[in-house]
Amino acid sequence: MEKNIYESIRCMVTGVEEESPSIKTVMLKPERDFSFSAGQFASLSVPGVGEAPFTPSSSPCEKECLEFTVMKAGRVTSAIHSLRKGDIVGVRGPYGKPYPLDSFRGKEILLVGGGVGLAPLRALFLALLATSADYKRIIFCCGAKTPQDYIYKEKILDQWHSLCGKMPLSFRITVDQKCPGWRFGEGVVTKTLDGLDVDTGNSVAVVCGPPIMMKFTTLKLLEIGYGDTQIYLSMERKMYCGVGHCRHCLIGDLFVCKDGPVFTYSQLKGKPNLWV
Ligand SMILES: Cc1cc2nc3c(=O)[nH]c(=O)nc-3n(C[C@H](O)[C@H](O)[C@H](O)COP(=O)(O)OP(=O)(O)OC[C@H]3O[C@@H](n4cnc5c(N)ncnc54)[C@H](O)[C@@H]3O)c2cc1C
Ligand code: FES
């Protein structure tokens with residue numbers, strides 16, 4: 001039987017974790033299997049309120065628990081922030097094209113994430129970790145405004161950081177504005193790309209964050225020597241149908257919901273209103 005792409009799967013909230021003053025991670029137990037690949041998104045609905053698109057932030061290999069990391073922006077995201085253990089939400093999807101992990105094999109993978117943009121990168125990072133022998137090296141550059149705004153603090157700074165000696169993995173961590181006790185870098189996330197020792201001929205860079213961050217990171221990557229086809233950008237646009245019918249998510253002639261949300265810079269270069 002063909003899958004109904006509009007059908008929601010009932011999920012029970014099993015936990016809610018505050019990541020920063022404006023960002024929470026909700027943990028869900030789907031009533032039946034929900035499979036996705038890193039980079040794809042889903043529509044999360046709160047009964048009586050509405051639905052909005054989000055990229056799962058949990059590992060695509062994890063079938064029992066599905067997580068979304070959500071920044072409070074308006075109606076739906078505020079309702080998601082008010083969820084409690086035991087509440088029921090709906091998830092439909094997955095939609096869109098994932099990161100082409102097969103073409104990442106044997107390469108140095110550079111991940112650059114800022115703010116809530118670290119959420120989709122977490123799913124990708126966990127997928128890469130699960131098959132880490134396939135990649136030459138993983139370099140994860142993370143940024144946030146202040147230490148309080150860092151999402152996945154414990155995971156990035158302790159759990160994941162402790163893996164560095166055990167595999168070809170490194171982190172470059174920064175905040176725009178540090179505070180006493182902060183032991184990592186200071187400066188916007190593009191600063192983590194200064195002095196980067198990477199073989200650009202055999203590397204791909206994956207960028208996710210607010211539009212201004214994506215723009216300046218892309219420009220810096222081009223300056224370092226990455227080609228247009230080696231830079232992957234995860235795009236967001238206001239969405240309604242999620243499946244290519246309503247045309248709300250267009251960037252030029254590209255539909256974010258079905259051609260993306262993951263695009264190479266070569267696909268997007270020169271499109272109108274790219275960095276809004
Ligand atoms: C593919 C995709 C993946 C996403 N993944 C995440 C994620 O992992 N975590 C996360 O926190 N957010 C994510 N977003 C953004 C999220 O969908 C919006 O924040 C959400 O739709 C806002 O809904 P709302 O009802 O709370 O806000 P609304 O009341 O609809 O609007 C509040 C404000 O947010 C703006 N807005 C609404 N929708 C979007 C949108 N899709 N993109 C940009 N601005 C928007 C509005 O213009 C308005 O200024 C993603 C968006 C897309 C398209
Ligand atoms: S969200 Fe409707 S066409 Fe993309």
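## Strand β3 and its partners

β3 and β4 run antiparallel and are joined by five bridges; two strands count as paired if DSSP finds at least two bridges between them. Helices (H or I, at least four residues) and strands (E, at least two) are DSSP runs, numbered from the N terminus. Within this pair, Leu44 lies opposite Ala52 of β4. Three residues separate β3 from β4 in a hairpin, and Gly48 in its turn has a positive phi of about 85°.

β3 (residues 41–46) also pairs with β6 (residues 88–95), in the antiparallel sense and over four bridges. Phe41 has Tyr95 of β6 as its bridge partner, and Ser43 has Arg92 of β6. Five of the six residues of β3 are buried, where buried means 20 or more other C-beta atoms within 10 Å of the residue's own, exposed means 12 or fewer, partly exposed lies in between, and C-beta atoms are placed from the backbone.

## Basis of the model

The model is predicted: local features need pLDDT of at least 70, side-chain atom pairs count only at pLDDT 80 or more, and totals for chains, interfaces and linings use all residues. Residues are numbered from 1 along each chain as its sequence is written, while chains are lettered from A and ligands numbered from 1 in the order in which they are written.

## The sheet

The open sheet has six strands in the order β4-β3-β6-β1-β2-β5, with antiparallel pairing. β4 (50–54) and β5 (66–71) are at the edges with a single partner strand each, so one side of each has no neighbour in the sheet.

## Around ligand 1

Ligand 1 is surrounded by 21 residues, the closest being Ala52, Met71, Gly74, Val76 and Thr77; a residue is near a molecule if its C-beta atom, placed from the backbone, lies within 6 Å of it. Two or more residues of the shell come from each of β4, β5, α1 (75–81) and α2 (118–130).

Domain 1 (9–95) and domain 2 (101–234) each give at least three residues to the shell; these bounds come from an automatic or database domain assignment.

## The whole chain

The protein chain has five helices and 15 strands. Its C-alpha trace spans about 50 × 45 × 35 Å along the principal axes. Of the 276 residues, 42% are buried.
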